[in-house]
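Biologist: I have a structure open and would like to learn how to read it. Can we go through it feature by feature?

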Amino acid sequence: MTPPDGPEELEAQFEQWRRYVLRRRELQAVDADELEDHLRGSVDELVAAGLSPDEAFLVAVKRMGSLDDLSREFAREHSERLWKQLVLTGDHDSPVGGTRSRRDLWVMLGCAAGALASVKVPALFGLSFADDGSFYARNFTLFALPWLAGFLAWRRGARRSMVAVLAALFVLGAVAANAYPLADDSQSVVVTGVHLPIALWLVVGLAYVADDWRSSRRRMDFIRFTGEWFIYLVLMALGGGVLAAFLFNTFAAIGIVPEEFISQWLLPCGAAAAVVVAGWLVEAKQSVVENIAPVLTRLFTPLFTAALLAFLVAVVWTSHGIDVEREALLLFDLLLVVVLGLLLYSLSAREPLAPPGPFDKLQLALVVSALAIDVLVLLEITGRITDAYGSTPNRAAALGENVILLVNLAWSAWLLLTFIRRRTPFTTLERWQTGYLPVYAAWAWIVVLVFPPLFSYA
């Protein structure tokens, strides 16, 4: 175990402090470098005065004051920077702040309108939701996610080369979803409909991090963005459901049944536009959800832990195997993804310098329980593939996904255990999770591009 005041532990504290500072959008990497130089100089002076490195670090951070004060001080010293007005005023009354907010709003409205129009473009070629359900199942995310990625790339000021990469990936997804001659009842339609959104969402992540894609901090920011975006999307979906029910019943009361308008226009167009609006809300009103999401994470982590442990006890008690048919596979994979999402979002909301606590132990129990369930599912899938049933697109995709989840959950459990025992810093777990994201993207693209011809368009 590294001594509390050892150089490795001190460097880990510097790295955790830097990651915390860079969570503020007002501060860029060059600003963090200057702050870090100041902090290191202060630590060196305190060490020379007789303090231990650990004590010197804590005193130096305390002397630097709050992050808000530092942001304002940097704004005053860098008067040529655009964010000076944003930090000093913090409202929409300032010329720069108001202009940027209005510009973001108009760009968001344009992208939302583009997503809305994209949903209706296939109707110009004779396709409808009622008769061409498999087409819309494969392509619905292609109507909305490119516009969300475009909004984020514009907001990040992505270079043209990055925009070209994003466009190429979306075009590749569109070709993969439509080039294969799949029948409406083909298993590959379902597999593509499930995996293409995963592949494209990580393309959205590339737009979010833009030219800073190598930074684990920015990748963790995207994980935080994903959780907050999902919360806003769910809230808008609930509101949209209430609106649809209200319209249907009020118009029905006067003899008009707006079923076609609701099913063909309101719901699909509203869903596509909501994808973009939710992203804009996260960017514009982030501080609102930042207070909600950690509370939800701490609420559902113990509930899911108890549910998974109860399931494992029931499996042992009844000696029943797990049903590995398509619906059951989707359910168990979704359960494991939710567990992983709880872990990821709790990591993104956690204070890096905080010591291990009871909640970390609860997370370890959650991950270990999910790992045990993943092993059971893998055993059942492998047994079905090797017996007379053979391999299908669903089973092959589930096998790969569960192997990927197995590796991630197993190593996450080990890192959590060593962190709780104070043998590894918290940042190691963060770097592992964010560095693992491309693995999910790679597998999703493999399933979408390779599986249909591999299984003879099954």
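Biologist: Among contacts between residues at least 6 apart in sequence, what share join residues at least 24 apart?

Modeller: This is a predicted model. In the protein chain, 75% of those contacts join residues at least 24 apart.

Biologist: How many helices and how many strands does the protein chain have?

Modeller: There are 17 helices and zero strands. Of the 458 residues in the protein chain, 45% are buried. The chain exposes about 22,700 Å², and carbon and sulfur atoms supply 66% of that area.

Biologist: Next, the nonpolar core. Which residues touch the most other members of the largest one?

Modeller: A nonpolar core is a set of buried residues joined through side-chain atoms within 4.5 Å. The largest here has 92 residues, and L148 and V204 touch the most other members. Domain 2 (98–286) and domain 3 (292–424) each give this core at least three residues. Another core, of 12 residues, lies apart from it and includes F14, W17, L35 and M64.

Biologist: Which residues is L148 in contact with, leaving aside its neighbours within four places in sequence?

Modeller: They are W201, V204, W229, V275, V276 and G279. Two of these names return in an aromatic cluster, which is formed by W201, Y208, F222, F225 and W229.

Biologist: Then to the aromatic rings. How many aromatic pairs does a search of the whole structure find?

Modeller: The search finds 15. A pair is classed by the angle between its ring planes: under 30 degrees is stacked, over 60 is edge-to-face, and the rest are tilted. Take Y208 and F222: their planes stand at 50 degrees, so the pair is tilted, with ring centres 5.8 Å apart. Y208 belongs to helix α9 (residues 187–209) and F222 to helix α10 (residues 216–252), so the pair ties together parts that are 14 residues apart in sequence.

Biologist: Are Y208 and F222 buried or exposed?

Modeller: Both Y208 and F222 are buried. For another geometry, look at W443 and F451, an edge-to-face pair with 90 degrees between the planes and 5.8 Å from centre to centre. The cut-off for buried is under 20% relative accessible area. W443 has 18%, so W443 counts as buried, and F451 is buried at 5%.

Biologist: A ring can also face a charge. Which rings have a charged end sitting over them?

Modeller: One is the ring of F14, with the charged end of R40 over it, 4.0 Å from the ring centre. Another is the ring of W265, where the charged end of K120 sits 4.2 Å from the centre.

Biologist: Last, backbone angles. Where is R422, which has a positive phi?

Modeller: R422 is in the loop between α15 (393–420) and α16 (426–435). Its phi is near 65 degrees, a positive value in a residue other than glycine. With 49% relative accessibility, R422 counts as partly exposed.

Methods. Residues numbered from 1 in each chain as written. Predicted model: local features only at pLDDT ≥ 70, side-chain atom pairs only at ≥ 80, totals over all residues. Heavy atoms only, no water. Phe/Tyr/Trp six-rings, centres within 6.5 Å; stacked < 30°, edge-to-face > 60°. Helix = DSSP H or I, 4+ residues; strand = E, 2+ residues; numbered from the N terminus. Buried < 20%, exposed > 50% of the residue type's maximum accessible area, 1.4 Å probe, protein only. Lys NZ or Arg CZ within 6 Å of the ring centre and 35° of its normal. Domains from an automatic or database assignment. Contact = heavy atoms within 4.5 Å. Areas by Shrake-Rupley, 256 points an atom, 1.4 Å probe, with all protein chains shown as cover.
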